[in-house]
There are 2 protein chains.
Amino acid sequence: MQLTRYTDYGLRVLTFLAVRPESLATIEEISDAFGISRGHLMKVVHELGQAGYLETLRGRGGGIRLARPAERIKVGDVVRRMEGRMVLVECFDPATSQCRIEPACGLRPILDEALAAFMETLDGYSVADLVARRRTPLARLLSL
Amino acid sequence: MQLTRYTDYGLRVLTFLAVRPESLATIEEISDAFGISRGHLMKVVHELGQAGYLETLRGRGGGIRLARPAERIKVGDVVRRMEGRMVLVECFDPATSQCRIEPACGLRPILDEALAAFMETLDGYSVADLVARRRTPLARLLSL
């Protein structure tokens, strides 16, 4: 079981921004800090902007920053947004599922319940918890 | 987020066997019922055998069947066995992780907790729950 790279990168961008919420960051900086391609990051940053988690200031000296305090961005909401529909197994996507026992199979409701428990846990944390009291070592690791 | 196809197929094989626990099944039958290649199923069946969930009777008229009652095979244990190490995000595999903030990042313990909640839910169910009281429609869907 794994989350998409898209979600992973989304959480990293928000962590980066939460480490120094007072300044603007550029995609180049985040790309360099994590060794992630700018192309990937552009899409991730666009999505996070659409979701209202970060804002972009254009022009010279512009950049991105959190659109609200890190405490008010739930990890669960970020994961939900970045993952989109979670197709844990084939039958979670009725449009493409070819599993013929689906109409009578008991697996789907059990996995739905487990996924709800997973997300409920994540809803108990915010992006501020990703940084917590480790802002200084995080800044050092990010060469900030 | 998704489970591997390997896990999906493992659960299907056990469901198939639980639908008619009194008879032996062949890989060919399961392959035909689900439209899954025999090659894939061979590996899945081998793993389920190694885990002690099913047993193989060799020779003419041989086949596979559950090695114990479906009530005594936890869905959580099957998922744990088939998934192997769950690398939810890069840092779950320290051998290959290249995320540089890992030493100070708060994400890993949060995802660990969410994953534990996911698995705990699955531990509350057995393969018998996948079939439940739907044995007859399941048998029909599987052309049994």
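Predicted model: local features only at pLDDT ≥ 70, side-chain atom pairs only at ≥ 80, totals over all residues.
Reader: How many helices and strands does the secondary structure of chain A come to?
Author: From the N terminus on, the elements of chain A run α-α-α-β-β-α-α-α-α, and the C-alpha trace of this chain spans about 60 × 30 × 25 Å along its principal axes. Counted by kind, the elements come to seven helices and two strands.

Reader: In chain B, how many residues lie between strand 1 and strand 2 of the hairpin?
Author: Strand 1 (residues 54–57) and strand 2 (residues 63–66) of chain B run antiparallel and are joined by four bridges, with B:Leu54 standing opposite B:Leu66. The turn of this hairpin holds B:Gly59, which has a positive phi of about 90°. The number of residues between the two strands of chain B is five.

Reader: What rotation superposes chain B on chain A?
Author: Chain B falls on chain A with an RMSD of 0.0 Å, and the shift along the axis is 0.0 Å. The two copies are thus related as by a two-fold rotation axis, and the rotation itself is 180°.

Reader: Which helix of chain B gives the largest share of the side that touches chain A?
Author: In the contact between the chains, 42 residues of chain B meet 42 residues of chain A. The elements of chain B that give two or more residues to this side are helix 1 (5–19), helix 4 (75–83), helix 5 (107–123), helix 6 (127–131) and helix 7 (135–141). By class, the side has 29 nonpolar, six polar and seven charged residues. The largest share, nine residues, comes from helix 5 of chain B.

Reader: Why can it be said that the copies meet through the same surface?
Author: The reasoning rests on comparing the interface residues of chain B with those of chain A. The copies meet through the same surface because the share of the interface residues of chain B that are also interface residues in chain A is 100%.

Reader: How many residues does the largest nonpolar core have?
Author: Among the residues with the most contacts inside this core are A:Val13, A:Leu14, B:Val13 and B:Leu14. Leaving out residues up to four places away in sequence, A:Leu14 touches A:Leu48, A:Tyr53, A:Ile73, A:Val78 and A:Val127. The number of residues in the largest nonpolar core is 85.

Reader: How wide is the arc that the buried residues of helix 4 of chain B cover around the axis?
Author: The buried residues of this helix are B:Val75, B:Val78, B:Val79 and B:Met82. They lie on the same side of helix 4 of chain B, because the arc they cover is only 95°.

Reader: Which helix of chain A do the buried residues of helix 4 of chain B pack against?
Author: Within chain B, these buried residues pack against helix 1, helix 3 (38–50), helix 5 and helix 6. They also pack against one helix of chain A, namely helix 5 (107–123).

Reader: Is B:Gly106 buried or exposed?
Author: B:Gly106 is found in the loop between helix 4 and helix 5 of chain B. Leaving aside neighbours within four places in sequence, B:Gly106 is in contact with A:Asp129, A:Leu130, A:Val131, A:Ala132 and A:Arg134. A residue counts as buried if 20 or more other C-beta atoms lie within 10 Å of its own, and since B:Gly106 has 20 of them within that distance, B:Gly106 is buried.

Conventions. Residues numbered from 1 in each chain as written. Chains lettered and ligands numbered in written order. Least-squares fit on C-alpha atoms with pLDDT ≥ 70 in both. Contact = placed C-beta atoms within 7 Å. Core = buried A, V, L, I, M, F, W, Y, C linked by C-beta atoms within 7 Å. Buried ≥ 20, exposed ≤ 12 C-beta atoms within 10 Å, placed from the backbone. Nonpolar A, V, L, I, M, F, W, Y, C, P; charged D, E, K, R; others polar. Pairing = 2+ DSSP bridges. Arc of directions from axis to C-beta.
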